[in-house]
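Welcome, and take a moment to look over the model below. A short briefing follows, arranged by topic.

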Amino acid sequence: MNSPSNTDSLHPLEIQVLRALGKDPKPLTDLQLVQHTDLAASQVSMAVGWLLTKQLVSLASETTTTYVSLTAIGTQFQQAASPPEWILQTVRSSAQEGTSLTVKDLQGTGQFQPAELSRAIGILKKEGVLQLGAGGTLEATGQISATVEALRSLLNQVHKGSRPLDSFPPDHQALLRQYAVKRGNTQEPFRIDDHTERAYLLTDEGQKLLPHLREGAAQEISQVTPELLKDGSWRNFSFRKYSINLRPPRLAVGRRHSYREFLDTVKYKLTSMGFQEMRGELIETEFWDMDALFMPQFHPARAIHDVYFVKNPKKAKAIPEPFLSQVAQVHRDGGTSGSKGWKYQYDCERAKRLVLRSQGTAVSARTLAQNPPIPGKFFSIARCFRYDNVDATHATDFFQVEGIVLGSDINFRTLLGLLKLFATEMAQAKEIRFFPAYFPFTEPSVELHVRHPKLGWMELGGAGLFRSEVTIPLGVTVPVIAWGLGLDRMAMVALGIQDIRDLFTSDLEAVRNMRRQF
Amino acid sequence: MPTISIFQEDFSHLVGRRASMSDIEQWMPYVKGEVKDVSRDTGEVRVELQDTNRPDLWCVEGIARQIGSVLNKGMTPYPFFSHKGPAKRRIQVVQGMEAVRPYVAACVSLGYAMTQEGLDQCIQTQEKLADAFGRKRETVSIGLYRFSSIVFPVTYGLVKPDEIRFTPLGFEEKMTPQEILTVHPKGLEYGSILAGCERLPLLWDSDGQVLSFPPIINSRELGEVQLGDTDLLVEVTGTDLSMVVLALNIFASNLADRGAAIESVDIAYPYETEFGTTVKTPLDMNHSQHISLDAIEKALGMSLGSESIQEALTAYGYQVKTTRQSVSVKLPPFRNDLMHVMDVAEDVAITRGYDSFSPIMPQSFTVGSLSKEEQTSDRIRDLLVGFGFQEIFSNIMASHQELVERMRIADTEHARLVEVDNVMSQTYACLRPSILPCLLRVEALSPRAFYPHLLFEVGEIAQLDLEADLGSRTTLSIAAISANPGANFSEIHSYLDLLMYYMAWPYELEAVTHPSFLEGRVGQIRCHGHAVGYIGEFHPEVLEAWQINMPTSGFEFEIRKSEP
């Protein structure tokens with residue numbers, strides 16, 4: 001980047017600054033650069049900034065000087081008079097006219113704020129220039145006021161241009177500070193500021209570039225404009241070459257959320273495999289969330305399944321028949337499902353209890369009860385809630401990808417076939433393993449482990465054949481596969497996320513930076 | 001799902017062959033177990049057991065028994081389940097127990113000198129059974145006693161809370177049951193099980209010595225089993241007789257596996273139970289039942305033949321008799337999880353190994369499709385992304401503070417929402433009735449992300465609706481906000497207008513007031529005469545509440561209501 005061959009990419013402003021520095025062996029300040037180049041201060045500062053980054057120019061010195069300048073009020077005082085000066089003039093001229101003035105009379109003129117007047121009168125009295133006469137009248141003693149004289153001289157000096165504070169004698173410095181703008185008092189004539197003055201030198205690299213600088217760089221143009229194109233005048237110019245390796249400016253753009261985009265690919269994958277989407281309610285009854293799935297109301301299987309209950313209303317109006325009676329029957333004694341049932345007093349009221357949907361399978365249960373087409377394949381990507389402490393591996397609500405397959409050809413081997421398909425389609429896995437598993441609503445149940453090309457061996461999902469205790473009471477007589485996929489870990493690795501809560505982060509920067517890495 | 005510790009040495013001894021760590025891992029599918037952690041120094045293996053219906057597998061003895069059975073292609077029946085005639089010992093149940101804790105089962109274990117390993121495993125099993133299977137001792141609790149000091153018959157009866165004193169485990173001095181309930185850690189932990197009982201359950205022997213105060217605590221004299229003890233009494237009490245008996249059967253089988261001789265105890269009830277008034281325990285509750293071979297083969301998708309099914313089930317521990325078309329099977333007495341023929345089918349598959357079944361692709365043709373709601377959502381999302389909006393994806397649970405107070409809608413019609421009863425954290429106490437608070441949360445947390453901020457989310461919200469069957473409705477909503485120094489009504493209106501144009505959804509704005517927005521800069525969005533949402537500049541008080549220093553405007557409307 002710094003080699004002579006790259007002088008083409010220097011901006012015309014940079015070239016002018018380089019030339020100016022090259023002519024003078026001494027370091028030049030910003031101000032001097034402005035004088036030597038005919039550039040505006042902002043252009044010099046821009047060009048110096050770029051040159052510093054490119055290490056063609058280095059900072060030679062940095063000195064901070066305190067300057068005094070006039071404020072708008074100071075300019076008024078300089079042109080007219082400062083409060084003590086005005087008071088003295090007014091009192092003297094009215095004395096010549098034979099009248100004497102009181103403080104109230106001065107205030108009545110509305111010339112200055114009462115507080116300012118009192119301060120000025122205080123100073124003049126202290127100096128013995130003014131004294132109070134009978135009836136509160138102000139009288140000039142004829143003495144000269146050092147303050148008025150000094151202020152007048154300072155106003156005139158600073159009016160010519162700002163000056164370093166230390167160019168004034170110490171007593172004047174104190175006066176300037178006294179009459180300078182401060183926090184809480186902005187109505188003062190002087191302003192005292194620190195100015196940092198930087199001086200720059202060419203670096204060795206910069207020196208080497210000097211002989212290679214383009215002539216007439218000032219006539220180069222950087223931007224093709226509609227005008228240049230319209231009249232063809234672009235032919236008269238040469239175009240400056242850019243440093244194309246600089247990082248481009250960032251853009252604020254519209255984009256899908258990366259995790260949602262991941263779930264989008266899942267849903268497109270599933271529809272392409274012939275699955276139809278199901279949707280359900282966030283709030284469900286215990287009936288559809290658990291009872292219909294043959295999870296007994298009393299059993300420890302329910303304890304592994306802690307749910308959020310709804311505060312108001314606590315219960316649904318009713319559970320549709322004949323499903324309530326049929327499910328109740330299957331829990332009690334198996335009904336017509338060929339099962340012995342759980343053998344307990346099923347509580348129809350508890351079935352109505354409202355919960356936040358704790359498993360996506362509730363959506364499948366509802367589909368089974370709606371006389372679904374056979375053969376049929378369904379899926380849902382359902383938001384679920386678990387009563388868990390939220391931490392790096394537990395989110396308050398999360399998505400479950402689950403579904404069902406209904407058909408007379410469904411059996412344990414077609415179940416394994418479907419899982420094998422999921423392994424290839426969802427995780428590009430060539431190696432898979434099946435393990436016995438337990439879910440309250442399936443038998444046989446199986447866990448699918450796959451060897452993901454990036455993640456290695458992982459559990460991809462769980463599945464099984466719905467128990468007859470689930471299907472028969474809901475009116476389905478063909479075998480049904482129930483399946484669920486655990487894709488969050490895959491999503492997290494793909495998005496480079498360690499904490500599950502970050503899938504739903506409220507940090508916009510994190511959302512903008514999130515991207516799929518494979 | 002219980003997780004237990006087993007030890008390689010102990011396991012090898014029980015399974016009857018040297019088991020390497022990889023053997024143990026490889027055999028886990030037979031018990032639906034998963035090795036969670038292995039310590040090679042101590043030989044400890046942490047195993048998670050999945051099957052909540054197989055409490056017999058929640059202990060090293062049960063795991064070894066099941067695996068051993070598969071490896072040895074069958075199981076030798078335990079003789080003590082077929083003892084006939086009156087038992088040598090008896091527990092007399094007293095009238096009135098039926099209202100408190102009706103059932104008890106017991107057995108005597110002789111000749112196994114308790115080792116440290118055996119005792120640790122006994123305690124672990126006792127805890128897992130009482131905790132997960134017995135619902136924290138409510139339905140089942142278990143006690144072990146030094147048999148030699150007990151004078152039979154034992155009485156299972158009731159006492160007044162301050163009628164008797166004995167020394168409970170863990171304490172030095174004698175206490176009344178009432179004192180135990182108010183002072184002893186176990187009394188505090190489990191006392192609620194006996195809430196409302198005027199008289200409390202107690203086991204005592206013929207010499208008046210207290211065995212225990214079930215389900216709370218054993219007595220220290222009789223109920224503190226020590227290393228080297230050779231003879232034990234095992235007792236289970238509870239509220240469900242089958243569960244009580246099953247727990248005892250499991251315990252008895254475990255001790256038998258360690259070399260003990262098990263002797264029965266007769267339980268005499270003054271009231272009727274499903275097994276009569278005198279129940280000899282341990283008790284085999286299972287019966288032989290016919291199952292259809294055809295159903296098993298159909299479910300597994302393979303013609304296995306009756307012989308190989310019989311072979312598999314025998315190996316898994318069943319007692320099997322086959323004829324040509326039907327199989328008659330009986331589970332071992334420490335299991336009672338057979339409800340349906342599919343349960344048998346799964347055991348056949350497990351014994352044969354899932355990998356021995358070759359997968360077949362389902363052949364049926366079905367048409368895949370997205371729901372109408374999803375398709376509409378996707379169109380809206382595509383449009384807003386094209387407009388330059390960043391999609392946001394939020395949790396649906398949020399705090400009342402965020403959803404109501406910060407939105408300046410407390411005590412208004414807009415503040416109706418679905419709240420959780422058993423709140424775990426106030427941060428997640430409600431379901432969002434609107435998405436805008438979620439977007440404002442992003443704005444509030446992201447003042448350093450470079451501007452402009454154009455954010456949107458399409459997603460589910462929950463609306464309280466007492467007329468609806470479920471007391472609420474889940475519906476899809478679209479919300480968008482613009483936060484930048486020049487954000488105002490006109491800018492966000494342009495985006496809404498463009499969105500509605502491309503969706504071909506005619507809409508109107510009606511000037512209204514809404515506490516979340518500045519008066520005179522808020523409109524109700526109406527489609528075909530129905531209110532569907534709001535658009536406006538957020539009220540500075542709303543922005544202040546969120547600590548947002550950037551002018552912000554936004555809109556939100558319900559998708560379903562807006563469609564023509």
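In chain B, the mean positions of the 47 positive and 76 negative charges lie 5 Å apart. Lys and Arg are counted as positive and Asp and Glu as negative, leaving out His and the chain ends, and each charge is placed at NZ of Lys, CZ of Arg, CG of Asp or CD of Glu. For chain A, with 59 positive and 54 negative charges, the mean positions are 5 Å apart.

This is a predicted model, in which local features need pLDDT of at least 70 and side-chain atom pairs count only at pLDDT 80 or more, while totals for chains, interfaces and linings use all residues. Residues are numbered from 1 along each chain as its sequence is written, and chains are lettered from A in the order in which they are written.

**Helices and strands**
- Chain B holds 16 helices and 25 strands, as DSSP runs (H or I, at least four residues, for helices; E, at least two, for strands).
- Chain A has 20 helices and 16 strands.

**Overall dimensions**
- The C-alpha atoms of chain B fill a box of roughly 90 × 65 × 50 Å along the principal axes.
- For chain A, that box is roughly 125 × 80 × 45 Å.

**Burial**
- Of the 564 residues in chain B, 59% are buried, meaning under 20% relative accessible area with a 1.4 Å probe, protein chains only.
- In chain A, buried residues make up 51% of the 518 residues.

Methods: Side-chain values use heavy atoms; hydrogens and water are left out. Buried means under 20% relative accessible area, exposed over 50%, partly exposed in between (1.4 Å probe, protein chains only).
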